[in-house]
Amino acid sequence: MPSPGLPPPAAALLADVGALRRSSRGGVASLSASARALHGLAVAAGYAGDTFVASAFTKLYSTLSRGDDARKVFDAVPSPDTVLWNTLLAVLSRSEAMEAFVRMVRAGSAQPDSTTLSSVLPAAAEVADVTMGRCVHAFGEKCGLAQDEHVVTALISLYAKCGDTECARRLFDRMVVPDLVAYNALISGYSVNGMVGLSVELFKDLVTLGLRPTSSTLVALIPVHSPFGHEQLTRCLHAYVVKAGFDANAPVLTALTTLYCRLNDMDSARKAFDAMPEKTMESWNAMISGYAQNGLTEKAVALFQKMQALNVPPNPLTISSTLSACAQLGALSLGKWVHKIISKENLELNVYVITALIDMYVKCGSIVEARRIFDRMDNKNVVSWNVMISGYGLHGQGAEALKLYKDMLDANLLPTSSTFLSVLYACSHGGLVEEGRTAFRSMTSHYGFTPGIEHCTCMVDLLGRAGRLKEAYELISEFPKSAIGPGVWGALLAACMVHKDADLAKLASQKLFELEPENTGYYVLLSNLYTSKKQYSEAAGVRQEAKSKKLVKTPGCTLIEIGDKPHVFMAGDRAHPQSDAIYSYLEKLTTKMIEAGYRPDTEAALYDVEEEEKEHMVKVHSEKLAIAFGLLNTEPGTEIRIIKNLRVCLDCHNATKIISKVTQRLIVVRDASRFHHFRDGVCSCGDYW
DNA sequence: GTAGGGTTAG
């Protein structure tokens with residue numbers, strides 16, 4: 001209810017805001033226009049500085065996923081009161097809320113109350129900042145607010161989330177009569193820490209006491225944070241959910257959807273999702289991000305399209321997840337479409353969304369567009385920098401990556417271990433050996449990180465590519481034991497293959513066959529190496545061994561988009577309607593290519609171990625088909641973009657270089673590990689991939 | 001006009 005002292009127009013305004021908010025349940029972004037109009041009226045009527053009106057609008061904008069607008073409303077109030085501060089704190093996330101709390105205490109004009117602490121503590125809990133949490137706890141003790149039921153519950157949750165379940169339990173046991181919410185907090189605390197037995201026990205206590213579990217109780221019980229090893233419990237819980245009549249409850253089914261996604265059981269996840277008659281924003285987001293994180297990118301995009309078709313407006317989180325799917329898919333036209341939706345729906349461009357956009361443009365081949373967005377971004381965080389640095393690495397622009405890394409340090413940002421991975425990767429793919437060594441050293445000695453598997457793999461790759469095989473081999477012995485595995489030996493083997501060192505290759509393979517007997521790739525590499533050294537019987541032996549293990553090679557395929565339509569080609573594919581035209585064009589093209597100096601390289605055929613040799617001579621790799629199709633169906637001068645699921649082979653790499661020359665086209669190829677930009681007979685990777 | 005427990009992101 002509006003406050004009694006407020007003049008009638010303001011009271012009416014607050015009523016309108018309330019009505020708008022109630023109608024917006026589920027986060028209806030299209031309502032933000034009405035919200036803005038109403039807010040405009042309020043400002044025009046002179047209420048911009050009124051704490052009651054500001055509080056209502058702050059909350060309204062937050063409901064509409066417009067954190068930026070909510071903050072602006074707050075900033076327009078010269079002397080915010082306690083309630084307005086509290087509203088802001090509830091809107092802000094994580095570190096922002098904690099910073100704002102510090103500002104509030106420093107400003108001293110409005111006294112924090114129990115509501116204030118109940119808003120700040122969850123923020124500290126979310127980032128598991130136990131130090132900050134303890135400070136707030138001490139502050140509460142000093143002000144006599146620490147006995148408040150809401151505050152105690154928030155503290156229970158905080159300590160539990162920070163891993164101190166014993167402290168949480170002590171607080172719980174000290175409560176005179178813990179209510180349902182306090183139970184829920186501790187149940188969730190145990191669950192988050194994987195102490196599923198204790199959380200189930202507490203749940204039983206609660207039922208015995210005659211408290212009625214709510215959807216929040218069940219959500220707390222669902223072990224989304226430690227799903228593995230709890231498949232049995234998951235089934236029991238699901239059965240209980242049905243029995244207790246929560247089988248259409250959105251929060252509960254959303255949590256189950258999430259849990260199944262984490263268990264990689266996508267069919268069950270989808271069933272839980274479909275069982276919700278009324279889906280919330282969270283339900284859609286859980287399913288879409290679940291698909292995206294499990295690599296089911298087409299399904300993620302399809303679900304987003306369904307959401308669009310049903311006129312359910314997305315929020316920033318939906319967009320981030322969908323963009324992540326587009327990035328993995330490499331589908332630029334889809335990514336651009338999502339980009340347009342952001343403007344159409346007038347969604348908040350928060351740091352997640354912009355970073356996801358940059359990542360999408362990078363992975364869909366538009367490094368220039370990615371950089372444009374990055375430069376215009378004024379709220380960059382470490383992840384934004386990491387994404388851009390790794391983008392340059394992916395596109396083989398090592399020097400640019402290093403320059404950006406330096407800018408990042410100059411901007412006083414602390415690099416994370418992902419930053420170093422991006423830098424090392426960029427050095428490796430750019431042939432920057434000394435720079436890579438320096439970065440690796442500073443990572444451990446200056447920044448105190450323990451190198452992970454990925455970092456070590458990158459270093460072996462870096463030295464190995466540069467032909468410093470012995471150094472690479474010696475470096476392995478300096479790595480932490482936890483990092484020495486198939487990744488590191490695989491990198492060494494690949495380098496041995498490039499530089500044709502059969503002895504070291506044999507050593508690396510031996511390790512690999514022990515570590516990963518199921519992986520075909522290593523057999524392929526070794527066999528290929530023997531062949532290139534004309535050690536045919538050794539090569540045959542390795543291939544025989546691979547065959548006897550019935551190892552299956554992932555079939556290669558290439559995607560190309562013409563207009564908005566994707567076309568996928570497999571090796572030797574004749575399924576495409578334009579197949580005849582493609583093959584005859586390819587024949588003509590090959591003649592021209594040979595005139596320009598192209599020599600077909602059949603060594604590449606030996607990659608396909610499990611196939612009959614003669615088949616390879618006939619088969620055409622999928623990237624050649626896709627390029628020919630692209631050339632046939634686009635105007636001269638248009639650039640061609642293709643995406644291959646495996647790494648591009650040597651022959652196709654050579655062929656593409658020549659094609660870019662004889663046709664005068666820019667050809668951008670995304671393979672399994674990086675981008676190649678072919679222009680006028682030269683590839684951006686410098687034949688160094 | 002505000003708050004404690006739960007699900008979603010780069």
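Reader: Is V669 buried or exposed?

Author: The model is predicted, and V669 lies in strand β4, residues 667-670. Residues count as buried under 20% relative accessible area. The relative accessible area of V669 is 4%, so V669 is buried.

Reader: Which residues is V669 in contact with, leaving aside its neighbours within four places in sequence?

Author: V669 and S216 are 453 residues apart along the chain, and their C-alpha atoms are separated by 48 Å. Contact requires heavy atoms within 4.5 Å. With the neighbours within four places left aside, the contacts of V669 are I642, T656, R674, F675, H676 and F678.

Reader: In what order do the six strands form the open sheet, and which are the edge strands?

Author: The pairing in this open sheet is mixed, and the order is β2-β1-β3-β4-β5-β6. An edge strand pairs on one side only, which applies to β2 (565-570) and β6 (682-683).

Reader: Which residue is the bridge partner of L559 in β3?

Author: Strands β1 (residues 557-562) and β3 (residues 640-644) run antiparallel and are joined by three bridges. For L559, the bridge partner in β3 is I643.

Reader: At what angle does helix α36 run to β5?

Author: Helix α36 spans residues 650-663 and lies across β4, β5 and β6. Its angle to β5 (675-679) is about 40°.

Reader: Which helices do the buried residues of α29 pack against?

Author: Helix α29, residues 486-498, has 13 residues and reaches 18 Å from its first C-alpha to its last, close to the 18 Å expected. Its buried residues include V488, W489, L492, L493 and M497. After α29 comes K500, whose phi is positive, near 55°. The buried residues of α29 pack against α27 (453-465), α28 (469-476), α30 (502-515) and α31 (520-532).

Reader: Is α3 roughly parallel or antiparallel to α4?

Author: Two packed helices are described by the angle between their axes and the distance between the axes. Helix α3 (residues 51-63) and helix α4 (residues 67-75) pack at about 170°, with their axes 7 Å apart. Angles over 145 degrees count as roughly antiparallel. Therefore α3 is, relative to α4, roughly antiparallel.

Reader: How many nonpolar, polar and charged residues does the contact of α3 with α4 have?

Author: On the α3 side the residues are A54, F57, T58, Y61 and S62, and they meet D69, A70, V73 and F74 in α4. By class, the contact has six nonpolar, two polar and one charged residues.

Technical notes:
Residues are numbered from 1 along each chain as its sequence is written. Chains are lettered from A and ligands numbered from 1 in the order in which they are written. This is a predicted model: local features need pLDDT of at least 70, side-chain atom pairs count only at pLDDT 80 or more; totals for chains, interfaces and linings use all residues. Side-chain values use heavy atoms; hydrogens and water are left out. Helices (H or I, at least four residues) and strands (E, at least two) are DSSP runs, numbered from the N terminus. Buried means under 20% relative accessible area, exposed over 50%, partly exposed in between (1.4 Å probe, protein chains only). The expected span of a helix is 1.5 Å times one less than its number of residues. Two strands pair if DSSP finds at least two bridges between them. Axes are lines fitted to C-alpha atoms, for helices over the stretch in contact, and angles run from 0 to 180 degrees between N-to-C directions. Angles under 35 degrees count as roughly parallel, over 145 as roughly antiparallel, 65 to 115 as roughly perpendicular and the rest as oblique. Ala, Val, Leu, Ile, Met, Phe, Trp, Tyr, Cys and Pro count as nonpolar, Asp, Glu, Lys and Arg as charged, and the others, Gly among them, as polar.
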